Amino acid sequence: MSICFDKEKGVFLLNTPSSTYVIRLYNEKYLLHGGWFHKLPVWSDVCVMPLADRAFSPVPAELHGKADFSLNCQQCEYPVPMRSDFRSSAYEAICDETLASDLEYQTYRIYAGKKSLEGLPSTYISQDSEADTLEIDLKDPHTGLLVTLFYTVWNSLDVICRHAVFTCGSKSLSLRKVLSASVDFPHSRYRMLQLSGAHARERHAVIRNLVPGVQGVGSRRSASSHQQNPFLALLSQGAGEVDGEVFGFNLVYSGNFVAQVEVDEWGMSRVQMGINPYNFDWKLNKGESFCTPEVVMVRSEKGMGGMSRTFHDLYRKNLCRGKWRDAERPVVINNWEATYFNFDVKKLFALADTAVKEGVELFVLDDGWFGKRNDDRSSLGDWFVDKNKLPHGLEEVSDGIHSRGMKFGLWFEPEMISPDSDLYRAHPDWAFQVEGREPVLGRHQLVLDLGKDEVVEYLLEKISNVLSTAHIDYVKWDFNRSPSDMHLNASHKFYLGLYKLLEKLTTRFPDVLFESCSGGGGRFDPAMLHYMPQTWTSDNTDGLSRISIQLGTSVAYPASAMSCHVSAVPNHQIGRITSLSTRGHVAMAGTFGYELDLNLLSEVELSEIRSQIAWYKNIRGTVQFGDLYRIQSPWNETSAAEASEYAAWEHVSKDKKQAVVSVVWKFPEANPEFVVVPLQGLDPDAMYKFKSLQSETLIDHLKKSVFDMPSSQCSAIPDGTCVSGAELMYAGIRIMGKPQYGGSVHFVLEKCS
Ligand code: DGJ
């Protein structure tokens with residue numbers, strides 16, 4: 001059992017493979033935090049925060065003789081408000097018009113396995129032997145409020161998952177704040193890592209020093225958001241990508257969140273994460289409960305890289321579900337950037353004909369197939385086919401795509417409603433709006449109130465109808481505005497409704513591959529991954545912009561979850577021209593596809609695409625399900641400025657038989673410096689053979705046809721060369737950026753002995 005309770009000392013020890021998390025009882029009543037360290041064989045209860053008589057730190061009445069105990073000076077496990085701790089509390093429960101609250105230890109339960117969270121997505125186990133759980137009951141003697149803290153300790157991963165359940169006692173109360181986890185660190189010699197950005201510039205890694213006071217990120221957009229991700233990490237002094245102690249926190253929730261660190265006057269750091277108290281005031285009457293979302297907490301001694309790989313392993317096996325969880329994901333052609341709203345059956349089939357010849361496996365029909373949707377001003381909610389565009393319905397398109405040998409996928413944006421739609425004309429009250437105020441529009445649309453059961457039922461029925469009438473293998477589930485005009489608590493109720501809908505739909509259609517999307521990556525969070533194993537990473541498909549977006553995303557989320565497409569040049573979002581090979585190399589770091597009109601390309605380009613797809617099919621198992629090593633990240637580990645002019649990453653298969661390496665220059669220069677790329681994660685005693693993606697690029701073609709020059713391969717080392725894993729890792733490959741290839745190098749290493 002990875003959890004034990006030492007009754008004599010009043011201490012709970014939670015052991016993951018290489019860490020120990022300590023919870024202590026003080027005076028058999030107060031629940032304190034003992035620390036989270038490298039795994040300890042025994043715990044003496046000596047190395048704890050000492051008692052100290054500090055000015056302006058109140059003492060509980062029954063300990064008045066001992067002026068040296070104040071919760072204000074201790075590491076607390078789940079801090080209470082308005083008593084003796086003036087730092088940010090873990091909850092606020094208003095009763096009798098006061099926040100004042102006490103939580104006294106009652107009892108505990110330890111068992112093998114893990115329970116699911118009522119109405120909320122969470123990590124899960126397939127067998128009880130994967131994890132153990134500790135429940136600790138705390139009670140406010142005055143109000144009878146029962147708070148149960150849950151800790152699931154994973155046996156093969158350095159992960160602890162936490163959440164809390166509030167159950168109302170004799171006195172009704174109002175929950176104004178209910179965080180999922182609070183962890184007090186004894187000092188503040190950490191840097192904080194956050195994933196921040198904007199629409200089309202999501203999840204750039206930003207690292208800053210901790211300073212006294214509160215610092216953190218959050219969302220009030222009723223979406224986990226493009227701007228901030230429900231993630232933060234603390235990096236110990238000296239910790240970097242490869243080494244050092246790192247603590248990562250990630251909230252399994254898609255709505256308003258807060259993730260913050262408070263550094264107090266004595267330098268202690270309190271990490272907190274949970275639902276944002278903004279617009280939240282949840283009433284509980286006797287016997288009623290509220291369950292917080294789950295926080296996944298990872299401790300790594302192998303730097304940020306080790307932390308990321310732990311998140312990836314957990315999310316791939318114990319968060320994502322269903323048939324597609326372990327299945328290699330198909331290569332996609334999506335018609336959005338190829339046609340936008342302007343398509344008909346002929347155009348779609350022409351695109352499909354070319355795509356299938358190049359090896360594409362899934363054709364996705366994006367926005368514009370329903371209602372009267374010729375632009376983004378109408379029809380959301382009217383989930384029936386537009387017969388003007390598709391006269392014989394979706395069946396004709398789906399059958400045509402399947403007969404060509406591809407799977408067929410379809411776009412929806414179910415949570416939205418256009419004022420110009422039959423649905424709105426019938427049910428204007430289903431959209432979020434506040435009486436007497438004109439609702440605010442975003443992309444000309446309003447948001448449906450999924451807190452209403454009839455809305456959830458309507459969507460379930462409409463989407464099920466579409467998915468059952470035509471043969472649909474994949475769904476892209478979009479969400480293109482931040483909700484507004486909500487009543488109190490409406491955001492959390494919205495997510496409870498959405499999760500209910502997704503649970504029913506994914507159970508009803510177990511074979512469908514669902515991909516989540518929110519104007520790109522506006523809801524790239526673990527909760528959505530519980531229902532949909534992949535997410536459209538960003539609306540920015542520029543090959544170079546994608547480096548920071550994808551590597552930032554990889555800090556918490558696996559490559560199998562990141563949908564990445566090659567698009568046209570000049571790029572539709574930023575106008576940049578990047579070589580097809582570089583666009584391919586970057587997009588191959590996730591689940592791969594294309595999003596452009598293939599019929600506008602030359603034969604040379606199509607043949608390069610054919611080679612890319614064939615190549616990707618051979619490496620996708622490693623990319624999607626292997627271990628990621630960020631050899632050179634595009635960010636700076638000590639300041640918010642971008643650091644490196646190139647980025648390098650490597651995916652290694654779990655059996656270490658194959659490694660896929662990419663090096664991409666953001667600003668390719670003529671006659672550049674060599675860069676040293678020390679590989680990681682290989683078998684040092686094995687020999688690896690180089691293999692590069694052989695294809696004629698446009699530049700090769702030019703060199704050959706215009707200048708009669710031979711083309712050279714894009715890899716650093718000639719194909720077939722065998723090198724030991726040790727040499728590749730400890731000496732590192734010297735690579736020269738070849739601007740003529742658009743500034744990227746990509747190769748595979750295959751174990752040969
Ligand atoms: C936003 C998505 O991110 C795009 O890929 C596309 O599906 C559009 N919505 C369609 O409206």
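Modeller: Let us begin with a pair of strands: strand 2 (residues 11–16) and strand 3 (residues 19–26) pair in the antiparallel sense over 6 bridges. This is a predicted model, in which local features need pLDDT of at least 70, side-chain atom pairs count only at pLDDT 80 or more, and totals for chains, interfaces and linings use all residues. Residues are numbered from 1 along each chain as its sequence is written, and side-chain values use heavy atoms, with hydrogens and water left out.

Colleague: What makes strand 2 and strand 3 a pair?

Modeller: Two strands pair if DSSP finds at least two bridges between them; here there are 6 bridges. One of the contacts is that of Leu-14, whose bridge partner in strand 3 is Tyr-21. The strands themselves are DSSP runs (E, at least two residues; helices are H or I, at least four), numbered from the N terminus. In general, strands of a sheet pair through backbone hydrogen bonds, either parallel or antiparallel.

Colleague: How many strands has the open sheet with the order 31-32-33-38-35-36?

Modeller: That sheet has 6 strands, with antiparallel pairing. Its edge strands are strand 31 (627–632) and strand 36 (722–724), each pairing on one side only. Within it, strand 33 (residues 658–665) and strand 38 (residues 744–751) run antiparallel and are joined by 7 bridges. Ala-659 has Leu-749 in strand 38 as its bridge partner.

Colleague: Why is strand 8 described as largely enclosed by the rest of the structure?

Modeller: Buried means under 20% relative accessible area, exposed over 50%, and partly exposed in between (1.4 Å probe, protein chains only). Of the 9 residues of strand 8 (residues 146–154), 8 are buried, so the strand is largely enclosed. Strand 8 is joined to strand 7 (residues 131–139) by 9 bridges in the antiparallel sense, and to strand 9 (residues 159–167) by 8 bridges, also antiparallel. Phe-150 stands opposite Glu-135, and has His-163 as its bridge partner in strand 9. A hairpin of 4 residues joins strand 8 to strand 9. In the hairpin of strand 7 and strand 8, with 6 residues between the strands, Gly-144 takes a positive phi near 80 degrees.

Colleague: How do you know whether Leu-314 is buried or exposed?

Modeller: Leu-314 has 0% relative accessibility, and therefore counts as buried. This residue lies in helix 1 (residues 303–318).

Colleague: What is the handedness of the β-α-β crossover from strand 26 to strand 27?

Modeller: A crossover is right-handed if, with the strands pointing away from the viewer, the path from the first strand over the helix to the second runs clockwise. The path from strand 26 through helix 7 (residues 490–508) to strand 27 is right-handed. Strand 26 (residues 474–477) and strand 27 pair in the parallel sense over 4 bridges, and Lys-476 has Glu-515 as its bridge partner. Strand 27, helix 8 (residues 526–531) and strand 28 also make a right-handed β-α-β unit. Strand 27 and strand 28 (residues 534–536) are parallel, with 2 bridges.

Colleague: What is known of the two faces of strand 27?

Modeller: Both are covered: Leu-513 and Glu-515 on one side, and Phe-514 and Ser-516 on the other, are all buried.

Colleague: What makes the span of helix 7 close to the expected one?

Modeller: The expected span is 1.5 Å times one less than the number of residues. Helix 7 has 19 residues and reaches 27 Å from its first C-alpha to its last, close to the expected 27 Å.

Colleague: Why is Arg-523 said to lie over the face of Phe-479?

Modeller: A charge sits over a ring if NZ of Lys or CZ of Arg is within 6 Å of the ring centre and within 35 degrees of the ring normal. Arg-523 lies at 3.8 Å from the ring centre of Phe-479, and the charged end of Arg-546 is 4.8 Å from the centre of the Trp-536 ring.
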